Amino acid sequence: MKYARLTKEQFEELQQEFINFLASQSITGEEWTEIKTNKPEVAEQELDMFSDLVWEGVLNKAEYLEHFSPNQIYLFKVTELTINLIAIEVKNEAVDVTTRHGYAWLQQNLMDDRVSLYTSSKNISDDRNRDIFTLIQQGAVITKGDLYNFFEKHLNLS
């Protein structure tokens, strides 16, 4: 397995897609029930294969990711060749940017001496999707990039 198995909830959300996946392998509903009962290792392989297919589709489309922690925000933009980072660090113990109040403080105090902005860039490895998945495993979430684009414009990076 290349990524991670989907959760039970995710499989439930993608039930029709999973049925189509099984059908593409000529596995009927009855056969799937039999496989789960009599060949659980084969059923596990099918679940893993489907999970990887879903992850590949999601990761192929991912362009922006965000990772928030109490005193830092990491904004990522994935291009064909690089992963670009805009990092915002708040050096104020009283502020937690993961809260509405803390985020509002950051918005109003962006130029405060206790707020640091950094940028960085690194080359994509031979496996772009693996690079993105690693960020997700570390807590990043895929976004539309509004926040990244705001800071990119604010920092005159574009």
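Tutor: In what follows, contact means heavy atoms within 4.5 Å. The model is a predicted one, in which local features need pLDDT of at least 70 and side-chain atom pairs count only at pLDDT 80 or more, while totals for chains, interfaces and linings use all residues. Residues are numbered from 1 along each chain as its sequence is written, and side-chain values use heavy atoms, with hydrogens and water left out.

Student: Which residues does alanine 4 touch, not counting residues up to four places away in sequence?

Tutor: Alanine 4 lies in the segment before H1; helices (H or I, at least four residues) and strands (E, at least two) are DSSP runs numbered from the N terminus. With a relative accessible area of 26%, alanine 4 is partly exposed, given that buried means under 20%, exposed over 50% and partly exposed in between, with a 1.4 Å probe and protein chains only. Leaving out residues up to four places away in sequence, alanine 4 touches Ser51, Asp52, Trp55 and Phe133.

Student: Which element of the protein has the highest mean pLDDT?

Tutor: The predictor's confidence in each residue is given by pLDDT, from 0 to 100; its mean over the protein is 93, and 99% of the residues reach 70 or more. Among the elements, helix H7 (residues 146-154) has the lowest mean, 90, and the highest, 97, belongs to strand S1 (residues 64-69).

Student: Is tryptophan 32 buried or exposed?

Tutor: Not counting residues up to four places away in sequence, tryptophan 32 touches Phe18, Leu22, Ile27, Ala43, Glu46 and Leu47. Its relative accessibility is 11%, so tryptophan 32 counts as buried.

Student: How many aromatic pairs does the count come to?

Tutor: Rings of Phe, Tyr and Trp (its six-membered ring) pair if their centres lie within 6.5 Å; planes under 30 degrees apart count as stacked, over 60 as edge-to-face and the rest as tilted. By this rule the number of aromatic pairs is 12.

Student: What is the angle between the planes of phenylalanine 18 and tryptophan 32?

Tutor: The rings of phenylalanine 11 and phenylalanine 18 are edge-to-face, because their centres are 5.7 Å apart and their planes stand at 80°. Both residues are buried, phenylalanine 11 at 15% relative accessible area and phenylalanine 18 at 9%. Phenylalanine 18 also forms an edge-to-face pair with tryptophan 32, at 5.3 Å centre to centre and with an angle between the planes of 75°.

Student: How many residues apart are phenylalanine 18 and tryptophan 32?

Tutor: The two belong to one aromatic cluster formed by Phe11, Phe18, Phe21, Trp32 and Phe50. Their pair links distant parts of the chain, phenylalanine 18 being in helix H2 and tryptophan 32 in helix H3, with a separation in residues of 14.

Student: What is the volume of the largest pocket?

Tutor: The lining of the largest pocket consists of Phe11, Glu12, Gln15, Phe18, Ile19, Trp32, Lys36, Pro40, Ala43, Glu44 and Leu47. Helix H1 (8-13), H2, H3 and H4 each supply at least two of the lining residues, and H4 gives the most, with four. A pocket is an open set of points on a 1 Å grid over the protein atoms alone, where a 1.4 Å probe fits, with protein on both sides within 12 Å along at least five of seven lines; lining residues have an atom within 4 Å of a point. Taken as the space filled by probe spheres set on the points, which are joined across faces, edges and corners, the volume is about 220 Å³.

Student: What phi does serine 26 take?

Tutor: Serine 26 is found in the loop between H2 and H3 and is exposed, at 58% relative accessible area. Most residues other than glycine have a negative phi. Although serine 26 is not a glycine, its phi is positive, at about 60°.

Student: What separates the C-alpha atoms of asparagine 71 and threonine 98?

Tutor: Asparagine 71 is in the loop between S1 and S2 and counts as partly exposed at 33% relative accessibility. Not counting residues up to four places away in sequence, asparagine 71 touches Ile88, Glu89 and Val90. Asparagine 71 and threonine 98 are 27 residues apart along the chain, and their C-alpha atoms are separated by 8.1 Å.
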